[in-house]
Amino acid sequence: MEFVAGKSRDAESHGFEPVGLGSEIFTDARGVTRRVTHPAGFVPVTQLEHARLGVITPQMKRVAEREPHLTPVQVRDEIAAGRMVIPANVNHLKHKLDPMAIGRASKTKVNANMGASPVSSGTDEEVEKLQWAERWGADTVMDLSTGGDLDACRAAIIANATVPIGTVPIYSMIIGKKIEDLDWATIEASLHHQARQGVDYFTIHAGVRRAHLKHVKNRLIGIVSRGGSLLAKWMLVHSQENIMYTRWEEICKILRQYDVTFSIGDGLRPGGLADATDDAQIAELETLGELTERAWRHGVQVMIEGPGHVPFDQIEWNAKVQRTLCHGAPFYVLGPLVTDMFPGYDHITSCIGATAMAYHGAAMLCYVTPKEHLGLPKKDDVKQGCIAYKIAAHAADVALGIPGTRDRDDELTKARAALNWEKHFELSFDPDTARAYHDEDLDVDTDFCAMCGHDWCSVRISKEIQEFMSGKAEGFERGSPVRSAALTPEQQEILEKRGVLSPDEIHKLANKTAKQMAKVPKGQMAKEDKLTCHSDYVDPDTAKRLQVASGAASVSERLVQVDVRPALGIAKEDRVV
Ligand code: SF4
């Protein structure tokens, strides 16, 4: 239905409109007719306000187009109930933003964090990372820059992003000044500025209150949220309540003007398994529930940020308690990591928790990269993080039975069963990697692969047992085995990067670190440029020289060519080989 500001269609039809009120009538997704009253002349701004009046916005229609299991009416009703948000700043909609929704009724979404730090990266690199994250399926991106030209970086990211952009505005509020100097004038100006730029959602740590800080004392790792720790310090220095909490009503009014969505921050989230689900976390969560209601009264959309380190057995309870205390507002969760002892692999430790959290109620998962706790993610870390979290989100959606979600899995299974390699790769999330890994050992598309070989290929044997023709693309006929096209440069690079770092890179890093840590006697480093504790690693050319010197007439004499044909059951004259 079309909303006409200040003009009551209901009043025209029924003629009983009280003085000073307008009203709208619409039918909800269940077929119930609803009548909503509002102050005369009220003009809705946010998606939430439109939804409450029964208005279906173009952004709601777009969401339903992108998620065919939902109708525009269902999207509207979920937003009206506060269970779904469309983070779409009115100013970002003027650029390339393609509206999307975050909520339990929609598919689980993935956020990728990026941003320059004071020691690494710049605007061009961050825009490249944004596009890279979009390429690998990030549904939203948070610009968490704390260094470089923050303003230019943010503007460039917003101008280039087709996905919603989130920020933690307190970062830019304290650049060049101490947290103690933070005041309302700075907060107000920064929020207006970033909202005018087009930021779609703000993380604001208003839930950390003075009364909660006593609970932090018993923690192993205290406060790990940057925003949370800064505001805790501000409260202690000023002996005052959190300024974001006391100014909440004014903050809501600013966000409403631009339809910026709240991502109410969890400044007291646990930073280790030992601190999970403790008094500090739950006390803050109760406040987040209160702030949610207050934001909704201002017509502002809300999602709630959730904990980062939670033992697997506590995940379900965490999802349920958030839903209860925060009235069903979408839950946006970092991980959570389910173990703390695998730095370097925290995209894996966390995506296990993320899958469970999404299954039990999270609407969006904030990715974690292999660099978590260790350094600023680079391009390949962004890819690894995105893929880990696309897996988590998709696995949860499949388990939740969201209609149509498993279709591509089933199509891929059929292609796999038919040994239709082309279709297998076409349907995979990362076709280049799948193709490169396949061709690394056997660059022929035939009735087996190098994993089991011809005689042991159960899929091939199954096909022999029964005419297993289902799953082939229409018109698909298996012809003669074909040699695949040579690997593309990108696929070759994927193989070269396997293991993430080459021995050269690892040793270079180890040398650099040791030098900086001054753990190796300076003279020795200068003399040999090699660590005292180091193995006899040498570069490839030196290795060849050593090999020859050790007795071989030539390097080639020492190389062994393995003929794998007997093991694979391939006849020597096999035309495939
Ligand atoms: S060889 Fe093994 S891994 Fe490869 S297709 Fe056959 S059953 Fe699958």
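Mentor: We will go from the whole chain to its cores, then to a helix, a histidine and the ligand. Keep in mind that this is a predicted model.

Trainee: Fine. How many helices and strands are there in the protein chain?
Mentor: The protein chain has 25 helices and 14 strands.

Trainee: And what share of the residues is buried?
Mentor: Of the 577 residues in the protein chain, 38% are buried. As for contacts with a separation of 6 or more, 70% are between residues 24 or more positions apart.

Trainee: Which residues have the most contacts inside the largest nonpolar core?
Mentor: Val141, Leu365 and Tyr389 do, in a core of 103 residues. Helix α15, residues 379-400, gives the most to this core, with 7 residues. Domain 1 (9-81) and domain 2 (87-400) each supply at least three residues to the core.

Trainee: Is there another core, or what else lies apart from it?
Mentor: Another core, of 5 residues, lies apart from that one, and its members include Ala415, Ala418, Trp421 and Phe425.

Trainee: Back to Val141. What does Val141 touch?
Mentor: Leaving out residues up to four places away in sequence, Val141 touches Asn111, Ala112, Met114, Leu130, Ala133, Ala161, Val163 and Ile165.

Trainee: New topic: helix α13. Which of its residues are buried?
Mentor: In α13, residues 315-325, the buried ones are Ile315, Asn318, Ala319 and Gln322. They are on the same side of α13 because they cover an arc of only 100 degrees around the axis. Trp317, Lys320 and Thr324 are exposed on the other side of α13.

Trainee: What covers the buried residues of α13?
Mentor: The cover includes helices α12 (279-297) and α14 (346-360), along with strands β10 (302-306) and β11 (331-334).

Trainee: And what follows α13?
Mentor: His327 does, and its phi is positive, near 60 degrees.

Trainee: There's also His192. Where is it found?
Mentor: His192 is in helix α8, residues 184-197.

Trainee: Last one. Which residues are around the ligand?
Mentor: They are Phe448, Cys449, Met451, Cys452, Cys457, Ser458, Val459 and Arg460. This shell divides into 6 nonpolar, 1 polar and 1 charged.

Definitions and conventions: Residues are numbered from 1 along each chain as its sequence is written. This is a predicted model: local features need pLDDT of at least 70, side-chain atom pairs count only at pLDDT 80 or more; totals for chains, interfaces and linings use all residues. A nonpolar core is a set of buried Ala, Val, Leu, Ile, Met, Phe, Trp, Tyr and Cys residues joined through C-beta atoms within 7 Å. A residue is buried if 20 or more other C-beta atoms lie within 10 Å of its own, exposed if 12 or fewer, and partly exposed in between; C-beta atoms are placed from the backbone. Helices (H or I, at least four residues) and strands (E, at least two) are DSSP runs, numbered from the N terminus. Domain bounds come from an automatic or database domain assignment. Two residues are in contact if their C-beta atoms, placed from the backbone, lie within 7 Å. A residue is near a molecule or strand if its C-beta atom, placed from the backbone, lies within 6 Å of it. Ala, Val, Leu, Ile, Met, Phe, Trp, Tyr, Cys and Pro count as nonpolar, Asp, Glu, Lys and Arg as charged, and the others, Gly among them, as polar. The arc is that of the directions from the helix axis to the C-beta atoms.
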